[in-house]
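Thanks, everyone. Let me put the model on the screen and walk you through some helix packing and a core.

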Amino acid sequence: MHITPANYQRLIAINSEDFNCCFYCGCVATEYDLAPPTSIRNVIQPHSDNLEIPACRECHQLLKHEPSGLLGRRIDVVKDKLAKKYARAISVYQMWDASELNELEHRLQQSVAAGLKLGEEATQRLSYKGFVYEVNGHRFDSPHSPVEVHCVAGTQFTDFKSALNHTSSSYRIPKAKLKMLLKEHNNNFDQVISLYQQQVLAALAEKEMKTKCKSLAQQYKFDAAFIRRSVNHYMAEDEEMSLEQALRKLEVERLMGK
Ligand SMILES: [Zn+2]
């Protein structure tokens with residue numbers, strides 16, 4: 001029989017559905033995590049919860065060398081470690097859908113299928129919010145951080161994958177590009193959508209300019225690169241000037257009569 005070490009209090013789930021659940025990730029609890037670990041208990045810590053916490057084997061292992069005696073801190077540490085350990089699988093889970101598996105070549109199909117399963121499980125463990133519990137007869141709410149909400153043009157998503165899929169299909173942004181931009185912009189979906197739209201508009205404007213400069217170059221049998229440089233120069237000098245006006249100015253001042 002398990003004996004709680006002296007001066008530690010056991011964290012006990014109040015609701016029966018939470019019995020035997022790892023307080024950190026929701027998997028089956030087979031161990032007890034000690035906050036702080038008994039090995040560093042004698043090191044003076046200004047605040048310490050002195051708790052014995054039901055944990056799964058993996059969370060218990062990941063927290064083995066974490067000296068903090070604070071439950072909240074141990075939650076952050078273990079979630080961070082889990083996120084790093086399963087980063088690849090989580091990325092596969094976010095990028096792929098089970099419906100796409102049939103289109104893949106056998107070996108890739110197996111690897112993506114394994115990543116999807118593991119990544120989904122890891123995502124669920126990371127978003128686990130703990131449970132209400134009692135310690136020595138006093139009731140406590142779970143100190144896990146609230147669920148992160150992703151806002152996309154006013155619609156709220158509680159999981160990243162749904163927000164990613166919605167944004168990718170609604171705004172026609174390739175998923176890989178979207179993920180890269182989100183990483184660069186602190187997962188701010190609205191900011192990334194607006195940035196992407198600006199990039200698309202800029203690329204369209206660039207394409208239009210190249211086409212029109214080329215056609216003018218052909219008309220006057222002139223160097224297209226010179227025409228582009230000149231048009232760019234006119235537009236940089238006068239921000240109000242449109243592409244059409246710049247082309248016309250160049251035509252009148254430099255090309256006609258040559
Ligand atoms: Zn766990």
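Start with helix 5, residues 160-170, and helix 6: their axes come within 10 Å and cross at roughly 120°. This is a predicted model, where local features need pLDDT of at least 70, side-chain atom pairs count only at pLDDT 80 or more, and totals for chains, interfaces and linings use all residues. Residues are numbered from 1 along each chain as its sequence is written, and side-chain values use heavy atoms, with hydrogens and water left out.

Helices here are DSSP runs of H or I, at least four residues, and strands are runs of E, at least two, numbered from the N terminus. Axes are lines fitted to C-alpha atoms, for helices over the stretch in contact, and angles run from 0 to 180 degrees between N-to-C directions.

So helix 5 is oblique to helix 6. Angles under 35 degrees count as roughly parallel, over 145 as roughly antiparallel, 65 to 115 as roughly perpendicular, and the rest as oblique.

Who touches whom? Helix 5 brings F160, L164, N165, T167 and S168, and helix 6 brings K175, L178, K179 and L182. Contact means heavy atoms within 4.5 Å. By class, that is 4 nonpolar, 3 polar and 2 charged residues. Nonpolar covers Ala, Val, Leu, Ile, Met, Phe, Trp, Tyr, Cys and Pro; charged covers Asp, Glu, Lys and Arg; the others, Gly among them, are polar.

Next pair. Helix 6 (residues 175-184) packs on helix 7 (residues 189-220) at about 120°, axes 10 Å apart. This crossing is right-handed. K177, L178, L181 and L182 of helix 6 meet F189, V192, L195, Y196 and Q199 of helix 7.

One more residue in helix 6: E184. Buried or exposed? E184 counts as exposed because its relative accessibility is 53%; the cut-offs are under 20% for buried, over 50% for exposed, partly exposed in between, with a 1.4 Å probe and protein chains only.

Now the core. The largest nonpolar core has 26 residues, and L11, F23, Y24, I53, C59, L71 and F131 touch the most other members. Such a core is a set of buried Ala, Val, Leu, Ile, Met, Phe, Trp, Tyr and Cys residues joined through side-chain atoms within 4.5 Å. Helix 2 gives this core its largest share, 5 residues.

Methods: A crossing is left-handed if the near helix is turned anticlockwise from the far one by less than a right angle, and right-handed if clockwise.
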